Amino acid sequence: MIQAFGLTSNPRKELPPAVDDVSFEARAGRVTALLGASGAGKTTVLRLMLELQRGRGLTHFRGRPLHRIAHPSREVGVLLGDVPGHPARTVRGHLRMLCAAAGVPVRRADEVLESAGLAHLRDERLGTLSRGMDRRLGLACALVPDPHTLVFDDPACALSAPDARLLHDALRAHAAQGGTVLFTTPDPKEAARGADHVVTLERGRVVADQEAAEFSRTRLRPRVVVRSPHAARLAALVTKEARTARRSVEVVREGGNRLAVYGSTCADVGETAFRHGILVHRLADEVGDMGPGAGEVPAARNQERRETSGERARGTGTPSAPRPTLAGPPVSHAGAAQPHPGTRPLDGPRQAPTTQEDPGGPAAGAALHRAPGPRNAPAPGRHPHPSEPTAPDAGPHRTPRPFAVLTPGPARRGKPVDTLPPPISVRSAPSPLRPLRYELRRATGVGTGFVVGALVLLVSAATAVVLARIGHTPQPRLLAAWPREFPLPPAALGAGLLGALAFGDEFRHPALAADRGTVPRRMGLLTAKLLVSAAVALLLATLTVGCDAQVLRLFYGPEFSEVPADWSALSAGWLGLVVGCAWSGVLAAGIFRSTTAGLAAVVAVPVLVVPLVQKVWEGPSVRTATGLPLRVREILLTQWPFGGERYVVELLTLVSQPVGGAMTLSLTTLLCAYLFMTLRSRVR
């Protein structure tokens, strides 16, 4: 179950907070709807519950806050919008990638495809799915870790009636198996049809907390909708005939040629129009909305009205009298409930109610809004019944927050208890449980890597042929297709681009963190990306040299495919350059959250860092590091297995060069920046 206590968003400059002291409960085995118009604070409530937005309050998922759950995706399945997947990824590939991130077997992808009715679309691309299929895929993504709780933000938005019915049937089926379901909607009729319990929000506050049956009885009313070019005349005639027949009928002009008639039937309105020769374009039965909080006055609002009335009475010396309401006459219709005083249907023009209710009036018997709390514990935030006496000298009463009882630590006698709710801090998503498998499926699930690799091989081969035709290019640079005028060869640029895409795609299509906000910066995920990008870079570098050698041999003969004498040092430098570019792209994109920034960091190494290192290395100095490899060999007195000291010396030789030093310096700086940002996010 879900228990939300005192959710309050941070103030917005001079405006009140979007959500203020929202408390409700969503029980297991039931579907709960969070109802409210646009701007009522529904999405903000969900983001506060999921710790995606800073504020105050506390939310328990089966007794534990989300930051106390080791793997939140296994407890709460979330969909806050469209499915955040790469448009070129297949449905099945996307679900398999999420299986690796959630640490569940890959067969779970096929199971949720069957349960969501998407088995026939497993090979379709995400970018080609319709709106209804996208929502059903979002349900399947939320069900991959088999969570107990589902939290959806307006899941039926812009869906057709059949698709919305299928989606709500799936949510109800999950609740029937013992799960908890919470969804938001701006449509009262959708809330009445698809939920067992309805919590209504208005201007960031809870104004009603009702069962679905009670909600339908007090909030929704049947009506007749009429469209006619003579709407004003028809309204007057219907009202006149209702008065003559002593029937309670209310006619509301809804703008233009539309009327809403409460307390009548299609037959009566149609006969009236026929008798007077009025043309009717539309005549249909509908269910009208009476507005937020109809039929129920929350205890806090009732208490405030009662005390305000008492204060005014004491200040003037006269008893407070109820003001006349501006609402129309009461409606009596078969099967329809009486509207709450001072309310009108939202679908038509409405005057602001100015009702001031007496403590003994109708509001005294209204149902009290009960804040959720633990069993066998005092009800937090309980308000006195309007019929209970209050002290005559009591000042304006401030509603106590319902989470004060849940504040940790015993309250000391004689000291006021802090009623502020605990702060909500934004926490990033955890790392995938199987990061290497996740990264492999992410990289191979789309064709971007294969396209980039093919373009690199094609450009390298063409460049090598042109350089050999022109001449004056050493053979090592010829095999690498690296002109002296270019800062990097095509293979290094391609490896850097693939490395930048490893993190860039995560931020553009955050499938990994769809329910938790930003993509996590974790060492496990970084290690997996570095390993996969290094393997791809090594493969790309080897294929580039091999393809260039074969193309040169085909065009100009076998002399261009001969192996250089110092091939080991050249190969180490070549592979180190390509892998270093790939790692620079990964780290820079992870730091700056952008593919462009990652590729820019790769290009900045030869353009900016290498000249700087050369200037420092070749500048005037008293001492130089010449002969460092030889002195290292003297220090390593023991014989390393397989000639290990030789590789150490060659590595130091590469690092001592300007290009190698610049690459080492850049990678060290980027890695330190990444670690710093990771630690800072954990501290917050």
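The secondary structure of the chain comes to 20 helices and 14 strands, where helices (H or I, at least four residues) and strands (E, at least two) are DSSP runs numbered from the N terminus. The model is a predicted one, in which local features need pLDDT of at least 70 and side-chain atom pairs count only at pLDDT 80 or more, whereas totals for chains, interfaces and linings use all residues. Residues are numbered from 1 along each chain as its sequence is written, and side-chain values use heavy atoms, with hydrogens and water left out.

Of the 684 residues of the chain, 45% count as buried, a term that stands for under 20% relative accessible area, against over 50% for exposed and partly exposed in between (1.4 Å probe, protein chains only). Among contacts (heavy atoms within 4.5 Å) between residues at least 6 apart in sequence, 73% join residues at least 24 apart.

Angles run from 0 to 180 degrees between N-to-C directions, and the axes are lines fitted to C-alpha atoms, for helices over the stretch in contact. Strand β5 pairs with β6 (residues 149–152) in the parallel sense over four bridges, and L79 has F152 in β6 as its bridge partner.

Another open sheet consists of four strands in the order β11-β12-β10-β13, and here the pairing is antiparallel. Because β11 (250–253) and β13 (282–289) stand at the edges with a single partner strand each, one side of each is left without a neighbour in the sheet. The twist in this sheet averages 30° from one strand to the next. Strand β10 (residues 220–227) and β13 run antiparallel and are joined by eight bridges, with L220 standing opposite D289 in β13. Helix α7 (residues 212–219) packs on the sheet, where it touches β10 and β13, and its direction makes about 45° with that of β10. Helix α8 (residues 231–244), in turn, lies across β10, β11 and β12 (258–262), running at about 165° to β11.

Conventions
Two strands pair if DSSP finds at least two bridges between them.
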